[in-house]
Amino acid sequence: MNLTIQEVTAYPAYIPVMLPLGSVKAETALSCVVVEIVTAEGIVGHGYTAITDEEVVTAAIREVVTPALTGMDALDREKISERLYWLLSPRGQTGYASHVVSAIDLALWDILGKATGQPCWRLLGGARNEVPLYVTFGFGSLDRDQLRDAATHLKSDGVTRFKMVVGHQALARRSHNRDLRAAVLEDVERVRTVREAIGPECELYVDANCSLDPTWARYLADRLGEFDLTFFEEPVRDNDVVQMRELRERTGMPVAAGQNEGQLFRFRDLLVGGAVDVIQPNVVICGGFTAGQKIAGMAQAHNVEIANGGAFPFHNMHLHAGLAHGGLVEWHLISVEMCKALYSDLPERNGSMLTLPETPGLGFAADRDALRDYASRPTSRGCGKG
Ligand SMILES: [Mg+2]
């Protein structure tokens, strides 16, 4: 079978999303890049990345990556990964490069699956055919009443694990005379509202998206102790190893991080430095399945759980189903709706579980008309969000 790479195409997309949360309605938008790789015999793979600047990633793929990959064998994932490392991040830089590498690698795994007739999760190891989910619903745009109504609705739909945002871009908003203490104390009341709505038997997680400094992260963690949280995700700016270790030690609060990291050494440092109770490689950011399984191996050697952070369950589910050391997958409601705009045949959530598809490759199909349509529309920068 001739799997020589013939075409690489990047599609940027900025997708408006309406959140379905029972009586609660919330509008937002999110950007991503879908990569399409076409091989000589016509097998097509689709990769994906997000939580980045879609215009920068698209330009890097078009202008830097495509000339380097054309003519290579799509099965040579390690060779391609190594070439992209020396091309895009030869001194260990993290950032846009890891998003590019992730999108390419996922497309190559999609091709591998289609060429062998196997789903990616089985090619990764086939540890299980369903994965446990947690649902990320508690976004900053919802007020306390909406949080309670949305949590109640989700619980009635079989959800047992819930994640909500805290911090609310506190550090980024310092220049607007934002009162950090008031913001953090409001977080305490928001978490109290959700815990009361879901009851003591459900799991609850919070995520500060790197928005706090160590002082306010500790202040918040101390006050959230009574709510029996399973973990506090990305509590401090930069995912600082020392500051997260100290937060764990001083407060006893379990810490999770890793979703935005793009080099193996960063995951090593988080593990060796005792910074996390749960490490969160995200295959749409960390370098695809090729890097994700290496990170999972490091975590297994440290006896540290892995979980999906940073959304995009339809790609990450394969890693967590494929590897014995897999863990929770994040059913991030905005990202799920976003993927519905781009793909067909997506698996459906069943309460807090997700069954993996048997379809070869990633197991769902990119809508090429939709990709072209979104690529022709304004990006997040064009819409004034950049
Ligand atoms: Mg997160």
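I began at the interface of domain 1 and domain 2, where the rule finds one salt bridge (a side-chain nitrogen of Lys or Arg within 4 Å of a carboxyl oxygen of Asp or Glu). I then looked up E78 and K294, whose side chains meet in a salt bridge at 2.9 Å, N to O.

I noted the basis of these entries: the model is predicted, local features need pLDDT of at least 70, side-chain atom pairs count only at pLDDT 80 or more, and totals for chains, interfaces and linings use all residues. Residues are numbered from 1 along each chain as its sequence is written, and side-chain values use heavy atoms, with hydrogens and water left out.

**Domains**

I recorded domain 1 as 5-119 + 369-376 and domain 2 as 121-362; such bounds come from an automatic or database domain assignment. I found their C-alpha centres 23 Å apart. The contact (heavy atoms within 4.5 Å) takes 47 residues from domain 1 and 46 residues from domain 2.

**Interface**

I read the area buried between domain 1 and domain 2 as about 3,600 Å², with carbon and sulfur atoms giving 72%; buried area is the accessible area (1.4 Å probe) that two parts lose on being put together, summed over both. On the domain 1 side, Y48, W109 and P119 lose the most area to domain 2, together 21% of what that side buries.

I also looked up polar contacts, and the count between domain 1 and domain 2 is 17 residue pairs, both residues at pLDDT 80 or more. A polar contact is a pair of N or O atoms within 3.5 Å; within protein, one must be able to donate a hydrogen and the other to accept it, and residues adjacent in sequence count only if both atoms are side-chain atoms.

Among the elements that give two or more residues to the side of domain 1 that touches domain 2, I listed strand 1 (5-21), helix 2 (77-88) and helix 3 (96-116). Helix 3 gives the most to that side, with 12 residues. Helices (H or I, at least four residues) and strands (E, at least two) are DSSP runs, numbered from the N terminus.

**Helix 3**

Because K114 and D110 are four residues apart in helix 3, about one helical turn separates them.

**Whole protein**

I counted 13 helices and 15 strands in the protein, and 25 salt bridges in the structure. The C-alpha trace spans about 60 × 45 × 45 Å along its principal axes.
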